[in-house]
Amino acid sequence: MSRIASRFARVEPRRRIGLLVTGLLSDLPRKNCWTLAEHAGDATPHCTQHLLHRAKWDADRVRDDIPAYVVQHLHDDAVLVVDETGGLRKGTSTVGVQRQYTGTAGRVENAQVGVCLVYSAARGHAAIDRALYIPRSWTDDPDRCRSAGIPDGLAFATKPQSAAQMVERALDAGTPARRVTGDEVHGDTPHLRAALEQRRTGHVLAVSSTHVVTQAGRFQARALAARVPKRAWQRLSAGAGAKGERYYDWAQVDIQGTSGQPDLWSLMVRRNRRTGELAFHRCFSPHPVPMSELVRVAGRRWTVEETFQASTGLTGLDEHQFRRWTSWHRWVTLAMLAHAFPAVTAATERHDRPARDDLIPLTGNEIHHLFAALIGPVHGLAHRLRWSHWRRRHQARTRQCHYWRQAALQP
């Protein structure tokens, strides 16, 4: 918390932020303004809501402090990973919501989608940046944007464009990362690839089987993979998983890039040794590297799923109940900050104090559990009864308002 203290002009929001982050690191089964305020000992959630909506502080400046903390402890052999995560929402007033595909549900749903940048190193991984995806149906409606607090003049940006902006911001800030990886959403479109190649930064981006590449002609990725001879396949590990090393068959084909130098661009094909299923990666490196290095980078992409799972389960990344632009960015930023603490602490413990042979290394989940037990507040019965009364009164008022709206809609 001392790292972000200078981002607040007054002591009141600084103290309130400390209480909120402590609540996000607690073992509450659900984290929202009500539960966090009760955990902090407040009589109502009004102070927490004010902090996340109307108080004067800049979430982007707090976000800029997270990479420095993460890099200081996880600085070895790092890769930047871009991916998007979605949260299911009801109605049409929540900022950025529309019917769209989200990997959280695995189908098209009424959802809100954010793009995240994860710093993945050998010691551990944590999210260091975020961007809310605003669909074109919103940016084409200025009144709707204004009602949700979206800044005036915000132009539509695709998810790869938002990812490219976050990667460039991280690299401009001196974040040490030699390569970038991401899924097909970012690999199939040229925005992120072009930005990285212009900066001479390597990338290993997944592409679809129909992605077109140039290699003595224009071919789809699956057609080019069919021409790979049997002797070109190598058995390599994409990194350790929950059940040991993840071995696949890999092949690499040189392709032509924007400058016409075929030794810098390649298409890498991954084949499942049991099912024969193929996956494709478009690669760029400013200097020749062995395929095993590219395979290692491709394997790092899965750490973003672990980051989303941990951030959601431990620090309530998707449990916010806000509809406006400012509140979304403040909540997600603080959830990222809270998650970075157990991720960094677990990595430091594994590095500095190796576990005994009869114990597994400390994980972020275990650090979170121990820390929650250490800082858990003890409130009296009067405090808990007061909150029970507040919740029942608020729910009764909400129910009555619902009946009034239904009655007004009837002819």
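Start with the cysteines: the disulfide count comes to zero, taking a disulfide as a pair of cysteine sulfur atoms within 2.5 Å. This is a predicted model, where local features need pLDDT of at least 70, side-chain atom pairs count only at pLDDT 80 or more, and totals for chains, interfaces and linings use all residues. Residues are numbered from 1 along each chain as its sequence is written, and side-chain values use heavy atoms, with hydrogens and water left out.

**Stop 1: two cysteines.** Select cysteine 47. Its closest cysteine sulfur belongs to cysteine 33, and at 11 Å that is too far for a bond. Cysteine 47 counts as partly exposed because its relative accessibility is 40%; buried means under 20% relative accessible area, exposed over 50%, and partly exposed in between (1.4 Å probe, protein chains only). Now jump to cysteine 283, which counts as buried at 0%.

**Stop 2: helix H3.** Show residues 46-53, helix H3, and colour its buried residues: Thr48, Leu51 and Leu52. Looking down the axis of H3, you'll find them within an arc of 90°, so they line one face of the helix. That arc is taken from the directions from the helix axis to the C-beta atoms. Helices (H or I, at least four residues) and strands (E, at least two) are DSSP runs, numbered from the N terminus. What do the buried residues of H3 pack against? Bring up helix H1 (11-24), helix H2 (33-40) and helix H13 (325-352).

**Stop 3: tryptophan 387.** Go to helix H15 (residues 381-409) and pick tryptophan 387. Is tryptophan 387 buried or exposed? It counts as buried, because its relative accessibility is 0%. Leaving aside neighbours within four places in sequence, its contacts are Trp34, Ala37, Glu38, Asp42, Ala43, Thr44 and Pro45, with contact meaning heavy atoms within 4.5 Å. Try the distance tool on alanine 37: its C-alpha is 9.6 Å from that of tryptophan 387, though the two are 350 residues apart along the chain.

**Stop 4: strand E1.** Select residues 79-88. Eight of the 10 residues in E1 are buried, so the strand is largely enclosed by the rest of the structure. Valine 82 has leucine 117 as its bridge partner in E3.

**Stop 5: the rings.** Across the whole structure there are seven aromatic pairs. Rings of Phe, Tyr and Trp (its six-membered ring) pair if their centres lie within 6.5 Å; planes under 30 degrees apart count as stacked, over 60 as edge-to-face and the rest as tilted. Zoom in on tryptophan 265 and phenylalanine 284: their ring centres are 5.0 Å apart and their planes at 45°, so this pair is tilted. Both tryptophan 265 and phenylalanine 284 are buried. Next, select Tyr248, Trp250 and Trp302, which form one aromatic cluster.

**Last stop: charges over rings.** Find lysine 159, whose charged end sits over the ring of tyrosine 133, 5.1 Å from its centre. Arginine 227 lies over the face of phenylalanine 219, at 4.7 Å from the ring centre. The rule here is NZ of Lys or CZ of Arg within 6 Å of the ring centre and within 35 degrees of the ring normal.

Methods
Pairing = 2+ DSSP bridges.
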